Amino acid sequence: MIAVHNLCKTFRVAKRNAGLKEAWKALFRREHEIVHALEDVSFTIEDGEMIGYIGPNGAGKSSTIKILSGILTPDSGTCIVNGRVPWKERRAHVSEIGVVFGQRSQLFWDVPVIDTFELLKEVYWIPERKYKSNLDRLVALLDLKDILRTPTRQLSLGQRMRCEIAASLLHSPKILFLDEPTIGLDATAKIAVREFIKTINREQKTTVILTTHDMQDIEALTERILLIGRGRILLDGTLSDLKERYSETKTVIIKYRGDHFLLPDGAKVVERINGHATVAVNVKEVSASAVISSIVNQVEVQDISVQDISLDKLVVELYKEFLI
Amino acid sequence: MTLYMKYLAIHLKSQMQYKVSFTLNAVGQFLIAFSVFISVFFMFSRFGSVADFTYNQVLLCFAIVLMAFAISECFFRGFDTFPSTISNGEFDRIMVRPRGIVFQVLASKIDLSRIGRLVQAVVVLIYAIPTSGVVWSPLKVITLVLMLLGGIAVFSSLFVVYAALCFFTIEGLEFMNIFTDGGREFGTYPLSIYGKEILKFFTFVVPLALFQYFPLLYLLGRTDNLLYMFAPLFSLLFSLPAYLLWRLGVKRYTSTGS
Amino acid sequence: MKKYLSFFTIRFLNGLQYRAAAVAGMATQFAWGYMRIKMFLAFSKANPAAMPMEFDQLASYIWLQQAFLAFFAVWILDNEIFEEIRSGNVAYELCRPLDLYNLWFVKNLAMRLSRAVLRCFPILFIALVLPKPLSMSLPQSPASLILFLISLALGLFVSVAFCMVLYITTFFTLSPAGVRVMAISLVDFLSGGIIPLPMLPEKLLFFLELLPFASMTNTPLRVYSGHIAGTELAFSLGLQLLWLTVLVLLGRFMMKRALTRVVVQGG
């Protein structure tokens with residue numbers, strides 16, 4: 001279990017300005033600015049939960065993850081992970097967590113993947129039997145059989161990522177931190193990775209904390225979302241709550257035959273081409289079903305679909321609302 | 001220990017993938033060391049001697065320093081290249097693994113191409129041992145070994161200091177070269193030739209003289225004082241402040257994050 | 001012309017930013033100069049007759065060498081350019097309406113100048129005020145100063161032209177580390193970077209002075225201390241000019257060959 005209370009963290013950052021005059025000045029004096037990375041951050045995560053940690057860049061996501069991993073010490077506040085303070089008992093703490101940095105690999109570049117795995121087995125003191133069973137399981141779930149003996153540099157991005165995730169789970173960590181795990185992957189690979197994470201969470205009860213900008217990852221994997229902006233937790237709730245609270249608009253797409261049709265107040269046509277029309281419905285003024293009935297009575301409708309606000313748009317609305 | 005061997009095996013395997021680069025590198029290392037050796041040769045052929053040391057005596061000194069440096073550079077390369085380890089996030093990865101941090105930095109890079117310098121040093125040493133006029137005895141052999149160990153300790157500690165400083169700033173650290181590369185280059189000659197102040201500096205601040213100059217005097221029979229023979233042991237003490245600085249650096253990293 | 005100038009400025013300003021690096025670099029160079037002079041002092045005391053030049057001339061040689069190290073040091077290579085070649089990004093440069101040789105030449109020149117500018121004045125100042133015998137001496141006459149500056153400029157250009165050849169060989173070998181290490185070891189020695197060339201035996205010296213490496217460092221430094229004069233001086237300056245021309249032509253020729261290869265292979 002992860003329990004975080006009132007975490008605060010500030011940084012001093014040196015400023016650098018452009019231009020010849022500034023470069024000259026900088027030779028003699030450096031200016032600094034204070035960055036409040038985390039202000040009063042609190043949340044609790046139970047074992048086996050999968051949460052999405054979202055927020056714009058620079059909001060404080062990586063600072064939080066670093067504190068939870070034990071790499072960074074906060075200025076004030078408490079943080080207990082699995083009964084330990086991460087930065088105080090570093091070695092015991094990190095032997096129970098796994099971390100995947102989306103853009104930085106822990107696999108040795110020029111040697112076969114399996115060599116890195118064998119090394120990790122030593123590093124984490126994994127007993128032979130557990131290593132074998134974990135490895136077999138991971139190889140099966142992630143389809144790694146054919147690439148285990150390939151040097152990392154010859155793997156495609158998707159293959160590398162699958163190996164990367166396997167590497168982080170060899171020691172059966174209780175908590176898995178995933179930072180942009182699907183970035184740069186093609187559609188098939190993304191789905192494979194998502195399925196795998198769901199399975200691991202389900203079977204091993206591994207707590208998963210996902211930091212990502214890919215809202216489809218969030219939608220596929222997590223129920224609970226933590227939104228952080230400018231160092232503060234702005235939201236801690238479920239995806240469905242979020243959608244309900246923040247989406248006023250449903251989109252109705254119809255394929256029809258006929259001419260014009262009129263719409264009730266609260267609905268307006270966004271696009272109309274060749275017998276396809278996209279209608280935006282403000283559900284506070286009129287229900288989607290009312291709009292649909294109205295259209296059906298006017299023209300011959302061949303196909304209908306109703307969509308919630310897209311998650312990306314939702315996030316944009318969120319950022320706007322919280323001024324981040 | 002077995003873990004370090006596993007790392008070594010992987011590094012070996014990795015570097016063997018690039019045989020051409022590796023060979024060129026090793027040859028280049030050899031050539032650099034060779035050009036220093038040739039300079040010594042030319043200087044002596046022109047001048048004959050320096051500060052009461054002959055050519056062969058200086059070669060003894062040169063070989064020890066070069067050997068200690070090559071070995072340090074090979075195994076402590078992780079500290080030597082620490083700026084990039086921090087900047088590319090590899091250090092975070094190290095922090096997230098349940099092993100000692102110093103161990104992991106050591107194991108993170110093992111540069112076997114330094115063998116080019118090592119070969120040069122061994123060849124010169126083999127030549128210098130019989131020709132330097134040293135009256136060899138068991139005690140003298142022990143002295144030689146201590147010199148080497150002291151040298152490895154001092155150079156390695158300097159690399160650790162360099163890495164530790166990276167936690168505080170990434171600019172302006174090239175001054176450390178004065179002691180690492182400089183130590184190797186200036187240490188080619190017995191440190192007394194540079195004058196009293198320099199000798200004092202390299203005795204009490206960066207103890208190069210403790211493994212190079214004083215034991216050399218004992219080897220050459222210019223003193224019978226056994227203290228001179230054991231001087232390298234004092235140079236081992238240099239690793240303490242180096243390690244303390246390192247701990248300070250890691251602490252700073254955990255509180256400022258980069 | 002203006003295009004090259006803006007690249008020059010950017011690189012130059014970039015170099016200026018690193019104030020701490022400049023201070024550290026100065027300290028390093030000062031230490032090297034000091035220790036080397038001390039070493040030569042020890043040798044000259046052992047056998048004063050064997051000195052090939054006056055000690056103050058030697059001291060000037062060493063200090064100038066350190067002060068203007070950024071001009072001569074072949075191992076100061078622009079890693080950006082190596083990276084571009086290795087990764088194939090050089091293809092982007094080819095899309096620009098600029099001559100690649102000129103562009104890289106200008107960039108390297110700017111890099112060296114900005115490094116030197118930051119460091120040379122303090123080093124020179126200290127070198128002039130040090131107590132004898134460590135100190136550098138002033139030039140003998142305004143004429144020799146001017147000749148020195150001309151030779152220095154020529155030496156700088158020869159260095160850059162040689163670097164260009166090194167960069168371009170990477171097109172053919174794709175192993176910059178190997179090229180770099182070999183270059184450093186040989187060139188440093190042959191240009192007087194480890195011990196001043198005049199210290200070497202005379203028979204060897206005769207050949208070494210004909211090589212381009214001597215034209216980079218050794219010639220300007222000797223011009224300053226008045227170690228060479230008259231016809232020998234004219235000959236040396238001429239040699240610098242000759243090597244500059246040869247290296248630039250070689251570089252351009254190799255560049256052309258390398259680029260056609262790149263186009264054919266597709267990067």
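The model is predicted.

In chain A, four strands come together in an open sheet. Their order across the sheet is S11-S12-S10-S13. The pairing is antiparallel. Strand S11 (267-273) lies at one edge and strand S13 (300-307) at the other. Each of these edge strands pairs on one side only. Between neighbouring strands of the sheet, the average turn is 20 degrees, with direction ignored.

The pairing of S10 with S13 can be followed in detail. Strand S10 of chain A spans residues 249-257. Seven bridges join S10(A) to S13(A), in the antiparallel sense. Within this pair, Thr251(A) of S10 stands opposite Gln307(A) in S13(A).

A helix accompanies the sheet. Helix H10 of chain A comprises residues 288-296. Helix H10 lies across S10, S11, S12 and S13 of chain A. Strand S12 covers residues 276-282. Relative to S10(A), helix H10 runs at about 15 degrees.

Chain C is built from helices. The chain holds 13 helices and zero strands. Chain C has 267 residues, and 45% of them are buried. Contacts in this chain were also examined by separation along the sequence. Among contacts in chain C with a separation of 6 or more, 82% link residues 24 or more positions apart.

Note on methods. Residues are numbered from 1 along each chain as its sequence is written. Chains are lettered from A and ligands numbered from 1 in the order in which they are written. This is a predicted model: local features need pLDDT of at least 70, side-chain atom pairs count only at pLDDT 80 or more; totals for chains, interfaces and linings use all residues. Two strands pair if DSSP finds at least two bridges between them. Helices (H or I, at least four residues) and strands (E, at least two) are DSSP runs, numbered from the N terminus. Axes are lines fitted to C-alpha atoms, for helices over the stretch in contact, and angles run from 0 to 180 degrees between N-to-C directions. Two residues are in contact if their C-beta atoms, placed from the backbone, lie within 7 Å. A residue is buried if 20 or more other C-beta atoms lie within 10 Å of its own, exposed if 12 or fewer, and partly exposed in between; C-beta atoms are placed from the backbone.
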